[in-house]
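Thanks, everyone, for making the time this morning. Before I go through a few details, please take a moment with the sequence and the structure on the screen.

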Amino acid sequence: MKNCIDSYLSKRPNLNLQNIEDKTTVAYTTLRRIHNLKGNPQPETVIRIFNALGEDELLYKYMNEFHQDIAKVMNMNFSHNQEYQFVEEKSRSYFTSEDYFLILNLASTNSGTTVEEVSHHLGAIGVERLNLLVSEGLIIADKSGRFIGANHNFKLSFAETKKRIKMSMKYYRLDEAGSIHNWMSFQTESINTDGLKALKKLNQKHFNERKDQIYNNPMYNGDIKHYTASVSSTFLPYAEKGELQ
């Protein structure tokens, strides 16, 4: 946990433990004890820190080592995503960089990408970046001259995924919003706790199952590139019953 805090602060030299207290709602004195390698923090404290700092991979590893009963529950909740592997630390900067975002997305599709396609979108500098990604082993050139992502089933931490979602919005064609070519939908409604759990299950399980029925069906294979995302989150800091919604 100390390494997690140190890593977060090293990337943000203007912040300190007081700022982490504000972000995590964990008391400053508790953070100091953790940072000084003193005491044994409660699981709730650990979850708050790792989640707030966007280190869900480290959270699972920590729980698996120190609180295996909680790790088992976490594994059940995230089992729909277990076939995906976290991107290695040395490669993560490429996945959260605007310079490489589009190239990696194009290469991660079933049909992959080509030099011509990358050049069309990004010019000569894009081709240079494509070659760099090949040299780094993140993209593989096949015999037909197409470039395919080395791993289609990858995942990143919450913080890194948040960056990619923000970058993806730059490619959203706002002028075509509401047309058949592009769309975005937001819906807000009041439901109870059971309804919230049901929606979470639907997003995690059924969406992926139905999506895969299309993605993995040879009848639908083609070269049309698209971006799709189903994002669900708690977002209201106030509730009448005192619960986060």
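Predicted model: local features only at pLDDT ≥ 70, side-chain atom pairs only at ≥ 80, totals over all residues.

If we set aside the neighbours of Arg 129 within four places in sequence, the residues in contact with Arg 129 are Asp 99, Tyr 100 and Ile 103. For Ile 103, which lies 26 residues from Arg 129 along the chain, the separation between the two C-alpha atoms is 8.1 Å.

Let me turn to helix 8, residues 98–107, whose axis comes within 11 Å of the axis of helix 10, with a crossing angle of roughly 80°. Angles of 65 to 115 degrees count as roughly perpendicular, and therefore helix 8 and helix 10 are described as roughly perpendicular to each other. On the helix 8 side the residues that meet helix 10 are Glu 98, Phe 101 and Asn 105, while helix 10 brings Arg 164, Met 167 and Ser 168. Sorted by class, this contact of helix 8 with helix 10 has 2 nonpolar, 2 polar and 2 charged residues.

Finally, the second largest pocket, with a volume of about 420 Å³. It is lined by 18 residues, of which Ser 7, Lys 11, Glu 55, Glu 89 and Glu 160 are the closest to its centre. Which helices supply at least two residues each to this lining? They are helix 1 (2–10), helix 5 (56–66), helix 7 (92–95) and helix 10 (158–168), and helix 1 gives the most, with 4 residues. By class, the lining has 8 charged, 5 polar and 5 nonpolar residues.

Notes. Residues numbered from 1 in each chain as written. Heavy atoms only, no water. 1 Å grid on protein atoms, 1.4 Å probe; cavity = no way out; pocket = protein on both sides within 12 Å on 5 of 7 lines; lining within 4 Å. Points joined across faces, edges and corners; volume = space filled by probe spheres on them. Nonpolar A, V, L, I, M, F, W, Y, C, P; charged D, E, K, R; others polar. Axes fitted to C-alpha atoms, helices over the stretch in contact; angles between N-to-C directions. Parallel < 35°, antiparallel > 145°, perpendicular 65-115°, else oblique. Contact = heavy atoms within 4.5 Å.
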